Structure formats: structure tokens, C-alpha cells
Amino acid sequence: MQGSPLTSTVLFHLGPIAITRPVVTTWAIMIALTVTSRLVTSRLRTQPDGRQAVLEILVAGIARQIEEVIRKDARPFLPMLGTLFIFLVAAALSGVLPGTEAPTSKIETPAALALIVLCSVHYFGVRARGIRGHLASFAEPKLIMLPLNILSEVTRTFSLMVRLFGNIMSGGFVVALVVALAGLFVPVPLMALEILVGLIQAYIFTVLAAVFIGAAAGGAK
Amino acid sequence: MDPKLISIIGAVLAVAVGSIAPALAEGRSVAAAMDAIARQPEAAGTISRTLFVGLAMIETMAIYCLVIALLLLFANPYAR
């Protein structure tokens, strides 16, 4: 049985900073993704071999999905949203490895990702419309909507965080409960369901980030 | 009554009652999307993407209830 889902295990201290298990898992995922990306993109050719074909399918697929949501050229948004999606998939899949937990099942990682989405929404909004245009977009359609628009910025970031955290965490929690109650092989179908839920949540998080960025960058018009 | 007992009952009520409305809403939206896909199979991609985003929005309500229940059970300031 694991403890409270709102706290995380401290592995060691780096000076005054406590390094917790999700942080170490995130570092491992970052290293793995960086090394894999370097290896895969090191020898790109116009005649793709198998490895490069898989890479092209992945990148072109993500770009097409982003284009369908934003209805603009996906290239400025592809590095941010693509990295977000691949990291979320890797994080969700790391939850089924023995000895690790998904870093997104603790509230800090979803909070950080939602803040990144919030910042990038305003970055892309300012870049597309200029700072005056972006600020004016908060007073649409009427000036009286200004407080509600600002409130919706806060609540949608909060709901992005809570949605990801709640879905991933509840999956791990249910698996832990079933292990404690029933034994070794009973939670295997639940873990398969968790992989599916993790992939869907990665997709939803990325699509919602794309929707918000598309709305801020004025692509829907 | 013991505050711990009250917070356990509160957590159970939050999840049990709070998941009724999202369940009904998700059922309705999936039924409507199935209907739309059956009428217009060529629009299935757009419809299912919109459906997923909408389901995520609806599901957030249920997740809020879950978070409230977890706060009551694990981070309750009144039942130390």
C-alpha cells in the first residue's frame, strides 16, 4: 500500500533541496528522450531507412494533428507541443515499469506543465498579434467580459493540471489498492487500462494546449 | 461525531454524488457523437477529436470531486 497521493517520497537531499522520486524519474525520462532523439536524428538522409521512416511518421502525424486543431502552419508550434506529447507519453508509460511511478501522478509535474502551457499561450499570442493586440483580445467581445476572460485563464490552467494529475494518479492508486486486496496478477488488466488512459490523457493535454494556443494566436478566425 | 468519520463520509458522498452528472453528460455526448458518425462517416476524425476534448472537459468535474475527496482523506486541516 502506498501513502498519501499528495506527497512524494524523498530519495536524497541536494544541499537544502529534497530530491523526490518523481524528480529523479523525470530526469531519467529527459535523459532517455534526449539520447534517443540524438541517436535517431544523427544521420538523416533523403532516402529514409526504417528508423527514419518511423520518426517521419511520428513527427508528420503530430504536425498534421496540430494543423487540424490550430488551422495554421504547425511549424512554429511543433517543437513545444510535440515535446509535450512525447514527454507525457513517456511519463505515463514509465508508470507501469516496476519500481517507478509516473511523475505526472504527483501534483507538481502537472502543475509545472500547465504553467508552461499558460506561458506559451501568452508567448504565441503576443507573437501573433503584438502586445497591444494580445491584451485587447482579453476585452473581447465586450469590455465587461474582461474579468471573466482573466478568470478563465486561471481556471483552465488549473483544470489542465487537475485533469492530468487526477487521471494518472487515480490509475496508479487503483492498481495499488487491487494489489493490496487481491494479489499479484489480478491488476494486470487494470494496468493495461492505465496505459490506455495515460495515452489518451497525453493526447487530450496536447490537444487542449493546441486549442488554447490556437485561440490566442487567432488561428480559428 | 468524530471529524475523521465525518470527512470519510464527506469524501464518499463527494465521489458518489459528484460522478452522477458527469456520467450522464458523457453518455449523452458519446451517444450524440455516435449518431453524428453514423450519419456522416467521412467526418469521423473531426467528430472524435472534438468528442475527446469535450469528454475531457466533462470529466474534469468528476476529477474535481475526486481531488476534494483526496483532500478530505489525506490533507484534511480539520482532522489532524
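Start with chain B, coloured by pLDDT. This is a predicted model, and chain B averages a pLDDT of 88, with 99% of the residues scoring at least 70. Select helix H2 of chain B, residues 20-39: among the elements of chain B, this helix has the highest mean pLDDT, 95. Then select helix H3 of chain B, residues 44-74, where the mean is the lowest, 86. For the complex, the predictor gives an ipTM of 0.76 and a pTM of 0.86.

Now show both chains and go to the place where they touch. Chain A brings 14 residues to the contact and chain B brings 13 residues. On the side of chain A, the elements that give two or more residues are helix H5 (146-182) and helix H6 (188-216). H5(A) supplies the largest share, 6 residues. Sorted by class, this side of chain A has 8 nonpolar, 5 polar and 1 charged residues.

Hide chain B and look at chain A as a whole. Chain A holds 6 helices and 2 strands, and along the sequence the order is β-β-α-α-α-α-α-α. Its C-alpha atoms fill a box of roughly 60 × 55 × 40 Å along the principal axes. Of the 221 residues in chain A, 30% are buried. Taking the contacts in chain A between residues at least 6 apart in sequence, 65% join residues at least 24 apart.

Next, select the two strands, residues 10-14 (E1) and 17-20 (E2) of chain A. E1(A) and E2(A) pair in the antiparallel sense over 4 bridges. Is E1(A) largely buried or in the open? The number of buried residues among its 5 is 0, so E1(A) lies largely in the open.

Move on to A:Arg71, in the loop between helix H2 (50-70) and helix H3 (78-94) of chain A. Phi of A:Arg71 is near 60°, a positive value in a residue other than glycine. A:Arg71 counts as exposed because it has 12 C-beta neighbours inside 10 Å, and the cut-off for exposed is 12 or fewer.

Return to H5(A) and H6(A) and view the pair side-on. Their axes come within 10 Å and cross at roughly 175°. Angles over 145 degrees count as roughly antiparallel, so that is how H5(A) and H6(A) lie to each other. To see the contact, select residues of H5(A) including A:Leu160, A:Leu164, A:Ile168 and A:Val175, and residues of H6(A) including A:Val197, A:Phe205, A:Leu208 and A:Phe212. By class, this contact has 12 nonpolar, 4 polar and 2 charged residues.

Finish with A:Ile213, also in helix H6 of chain A. Is A:Ile213 buried or exposed? A:Ile213 is buried, because 26 other C-beta atoms lie within 10 Å and 20 or more are enough to count as buried. Leaving aside neighbours within four places in sequence, A:Ile213 is in contact with A:Ile70, A:Phe77, A:Ser120, A:Val121 and A:Phe124.

Conventions. Residues numbered from 1 in each chain as written. Chains lettered and ligands numbered in written order. Predicted model: local features only at pLDDT ≥ 70, side-chain atom pairs only at ≥ 80, totals over all residues. pLDDT = per-residue confidence, 0-100. Contact = placed C-beta atoms within 7 Å. Nonpolar A, V, L, I, M, F, W, Y, C, P; charged D, E, K, R; others polar. Pairing = 2+ DSSP bridges. Axes fitted to C-alpha atoms, helices over the stretch in contact; angles between N-to-C directions. Parallel < 35°, antiparallel > 145°, perpendicular 65-115°, else oblique.
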